[in-house]
Amino acid sequence: MRRSCTVADAAEVAAEVRATVPAAASVADAVAAIVEDVRLRGNAAVASYEARFGDGQWGRVPQERLDAALDALDPGVRRALALAAANIEAVAAAGLGADTAVTLEQGQSVRLRDVPVRRAAVYAPGGRAPYPSSVLMGAVTARAAGVDEVVVVAPSHPLIHAAAALCQADEVYGMGGAQAIAALAHGTESIRRVDVIVGPGNLYVQEAKRQVSGLVGIDGFAGPSDLCVILTEHSGWAAADLRAQAEHGPDSLVVAVSDDPALLPDDGIGIHAESLDAALAFAEALAPEHLQLMGAAAEELAPRVRSAGCLFVGAHAGTAFGDYVAGSNHTLPTEGAARFASGLNVRHFRRRMAEVRVPADAAARLAGPGAAIARAEGFEAHAASMEARRENPDQ
């Protein structure tokens, strides 16, 4: 596909490019049936679905097996995973916020406490191959966030077990699919429910996360992977980066954009932008999971980017580094969700909680205004609750 683009029609062209990826079939009804069955029957339901969709061997993986898998790991792979984990932890920890206290004019104080959830689950897919990198991205980030108990869930594989051991996961369960998500959200006889579920997975896994999101926190809905590359000068690596992202599957969206049509690779989707402004406008409208800026103008364009899951700046910053060892997280918003959503980070495992202190003199000052609003809304008992503290401050 070849298409020209101006600043004025950038959003329209981006919509056309998005439309080249067919919409996923709905599995909502099938997933709803699995989730409800697991809620009602617990372990028995999980076992039946694992026998049908998995290898039939499911349950908590003993620590000895995790340690043995880590010890048996190829030394080069172990060093690489350890390097990746250290980088992920360093970047994740940089996102932690300090508690903040504010004292207001009337005398009350509100302290904003930044607190971690107690129990979080990291799902790693196991369809075509095991993905230890997804274990690291979730479990290391959860640890950095201060989560008390980190649970890893994935179809059983020694590489997954080794990664979980490296991350010091508290519990590891060999299972997958919508039944795994349902078990984590509702709990079963042998699996305690969690507070947050994160991680990629197939359409059934993502739909299950969506359906249980009222019971637990989730990181978002992960659709097909996508990459947009803005080329401002020739790069022999651009085609390799596009091919690498396309390796995720046939529904991956990869697109190159340039104000010079001669720079566009022959294969895939190429957008000839009338200017760099038009190229950036297209990328902003597309809101890609990954955005690469390659060429002399990369540093100039970078501060203007607002809608990308992760931004890679400069010719050497290939997206594949972010998938594994750069330290950024590879669990990112897809399908244009980068307009409003963030990649997986410590904030997905933490929450802000207000801690309010109202001294007697502040209560006296606030009771009148508070009661006026409460009565305007028809809540007489709210008004009385506040006024009682003004009228009887020592009660």
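Predicted model: local features only at pLDDT ≥ 70, side-chain atom pairs only at ≥ 80, totals over all residues.

Reply: Two strands are taken as paired if DSSP finds at least two bridges between them.

For comparison with the protein as a whole, 46% of its 395 residues count as buried.

E13 pairs with strand E10 (residues 226-231) in the parallel sense, over 5 bridges. It also runs parallel to strand E14 (residues 310-313), to which 4 bridges join it. Leucine 291 in E13 is the bridge partner of cysteine 228, and glutamine 292 stands opposite phenylalanine 312 in E14.

A disulfide is a covalent bond between the sulfur atoms of two cysteines. With the cut-off for the sulfur pair set at 2.5 Å, the count comes to 0 disulfides. Cysteine 5 is in none, and the nearest cysteine sulfur, that of cysteine 228, is 9.9 Å away. Cysteine 228 is likewise in no disulfide, its nearest cysteine sulfur being that of cysteine 5 at 9.9 Å. With a relative accessible area of 2%, cysteine 5 is buried. Cysteine 228, at 0% relative accessibility, also counts as buried.

Now for the setting. The protein has 15 helices and 15 strands. Its C-alpha atoms fill a box of roughly 80 × 55 × 40 Å along the principal axes. Among contacts with a separation of 6 or more, 65% are between residues 24 or more positions apart. The protein exposes about 18,700 Å², and carbon and sulfur atoms supply 53% of that.

Elsewhere in the protein, 6 strands form an open sheet of mixed pairing, in the order E2-E7-E6-E5-E8-E9. E2 (59-60) and E9 stand at its edges with a single partner strand each, so one side of each has no neighbour in the sheet. Within the sheet, E5 and E8 run parallel and are joined by 3 bridges; valine 122 has valine 198 of E8 as its bridge partner.

Because 9 of its 10 residues are buried, H8 is largely enclosed by the rest of the structure. The buried residues include Gly177, Gln179, Ile181 and Leu184. They pack against H2, helix H3 (43-53), E5, E6, E8 and H9. After H8 comes glycine 187, whose phi is positive, near 80°.

In helix H9 (residues 203-211), the buried residues are Val205, Gln206, Glu207, Ala208 and Lys209. Their cover includes helix H2 (28-41), strand E5 (119-123), helix H8 (177-186), strand E8 (196-198) and strand E9 (217-218). At the start of H9, a side-chain oxygen of asparagine 202 comes to within 3.0 Å of the backbone nitrogen of tyrosine 204.

The largest nonpolar core has 39 residues, of which Val135, Leu136, Val147, Val152, Val172 and Phe349 touch the most other members. At least two residues of this core come from each of several elements, including helix H4 (63-72), helix H5 (75-93), E5, strand E6 (149-154) and E8. H6 gives the largest share, 8 residues. Apart from this core lies another, of 28 residues, among them Val153, Ala183, Ile191 and Val216. Beyond its neighbours within four places in sequence, leucine 136 is in contact with several residues, including Leu81, Ala84, Ile88, Ala163 and Cys167.

The hairpin of E3 and E4 has 5 residues between the strands, and its glycine 107 takes a positive phi near 110°.

Definitions and conventions:
Residues numbered from 1 in each chain as written. Heavy atoms only, no water. Buried < 20%, exposed > 50% of the residue type's maximum accessible area, 1.4 Å probe, protein only. Contact = heavy atoms within 4.5 Å. Polar contact = N/O pair within 3.5 Å; in protein donor to acceptor, adjacent residues only side chain to side chain. Core = buried A, V, L, I, M, F, W, Y, C linked by side-chain atoms within 4.5 Å. Areas by Shrake-Rupley, 256 points an atom, 1.4 Å probe, with all protein chains shown as cover.
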